[in-house]
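Visitor: Please pick one part of this model and take me through it closely. Then show me how it sits with what surrounds it.

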Amino acid sequence: MQVILPLLFLTLHLAGATPPDTLKTGDKIPPTFTFQQILNQGEPLRADALTGRYLILQFWSTTCNASIRLLTQMKDLHAKYGDRIRVLPVTFDPEEKVTATLRTYPALRDLDLPMAVNERQLHILFPHITIPHIVIADPDLKVLAVTGAQDLTEDNIEKLLAGQQPAFRPKEDVRIPFLHKEKFISENRQIPHKNIRFQSSLSAYIPGVSGALVVS
């Protein structure tokens with residue numbers, strides 16, 4: 001059942017329906033919401049234990065290089081602003097898969113941030129298609145922004161802490177049609193700005209395009 005629920009809500013999201021429990025900007029994260037499994041911490045964590053500081057939730061996956069790299073930035077944010085910002089990476093991957101992945105990245109082997117693993121219920125509150133997916137809440141758990149990694153800049157963080165208006169753009173969580181039989185560079189007309197880094201269709205992160213390795 002834990003596997004089916006997130007897929008059900010994701011299906012509703014893709015179909016244009018809004019799940020009834022979905023939170024948006026201005027809503028509050030329920031204070032009784034509980035992260036059942038926290039890496040680097042031996043007991044469940046209730047949301048009301050995260051009040052008092054700004055909260056950054058980073059949804060990530062062990063299969064997404066872009067979101068894995070963002071963990072390094074989260075580590076740096078915690079080191080610099082830890083007295084005013086709480087950083088909580090969130091993944092639906094199990095603990096053993098997470099720890100194995102972190103061991104393969106030297107910069108993340110000593111990562112000591114609390115991290116919600118095997119977490120599926122939060123995907124119901126914040127359904128999304130692509131990652132990295134960032135949720136920012138104020139010290140009272142009110143959602144201030146649902147954005148992408150590109151807006152998680154030091155300038156925006158400084159403005160947030162100064163009580164100014166950061167330029168957090170709402171994340172456009174859409175899936176761009178992409179047929180594997182099409183030639184990524186020359187034939188796919190759904191992606192006007194392909195951000196190509198290598199002519200063999202090795203690209204940087206493109207919002208709306210899921211990762212894939214296709215061997216033909």
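Guide: In this predicted model, Ile-136 has Ala-145 of strand 8 as its bridge partner. That pair belongs to an antiparallel arrangement, in which strand 7 and strand 8 are joined by four bridges. The two strands form a hairpin with five residues between them, and Leu-141 there takes a positive phi near 75 degrees. Strand 8 runs over residues 143–147, and four of its five residues are buried, so the rest of the structure largely encloses this strand.

The largest nonpolar core holds 27 residues, and Ile-56, Leu-102 and Met-115 have the most contacts inside it. Strand 7 (133–137) is one of the elements that give two or more residues to this core; the others are strand 4 (54–59), helix 2 (65–81), strand 5 (85–90), helix 3 (95–103) and helix 5 (154–161). Helix 2 is the biggest giver, with six residues. There is also a second, separate core of 25 residues, and Phe-35, Leu-55, Leu-57 and Cys-64 are among its members.

Leaving aside residues up to four places away in sequence, Leu-102 touches Leu-39, Trp-60, Leu-71, Leu-108, Arg-109, Leu-111 and Met-115. Leu-102 is also one of the buried residues of helix 3, together with Val-98 and Thr-101. These three cover an arc of only 95 degrees around the axis, and therefore lie on the same side of helix 3. The other side of the helix has Glu-96 and Arg-103, which are exposed. The cover over the buried residues of helix 3 includes strand 2 (38–39), helix 2 and strand 6 (115–116).

How far can the details be trusted? The chain has an average pLDDT of 82, and 72% of the residues score at least 70. Among the elements, strand 4 has the highest mean pLDDT, 97, while helix 1 (residues 4–14) has the lowest, 38. Across residues 1–18 the pLDDT is below 50, and this stretch makes 15 contacts in the model beyond near neighbours in sequence. Where pLDDT is low, predicted coordinates should not be read in detail.

Terms used:
Residues are numbered from 1 along each chain as its sequence is written. This is a predicted model: local features need pLDDT of at least 70, side-chain atom pairs count only at pLDDT 80 or more; totals for chains, interfaces and linings use all residues. Side-chain values use heavy atoms; hydrogens and water are left out. A nonpolar core is a set of buried Ala, Val, Leu, Ile, Met, Phe, Trp, Tyr and Cys residues joined through side-chain atoms within 4.5 Å. Buried means under 20% relative accessible area, exposed over 50%, partly exposed in between (1.4 Å probe, protein chains only). Contact means heavy atoms within 4.5 Å. pLDDT is the predictor's confidence in each residue, from 0 to 100. Two strands pair if DSSP finds at least two bridges between them. The arc is that of the directions from the helix axis to the C-beta atoms.
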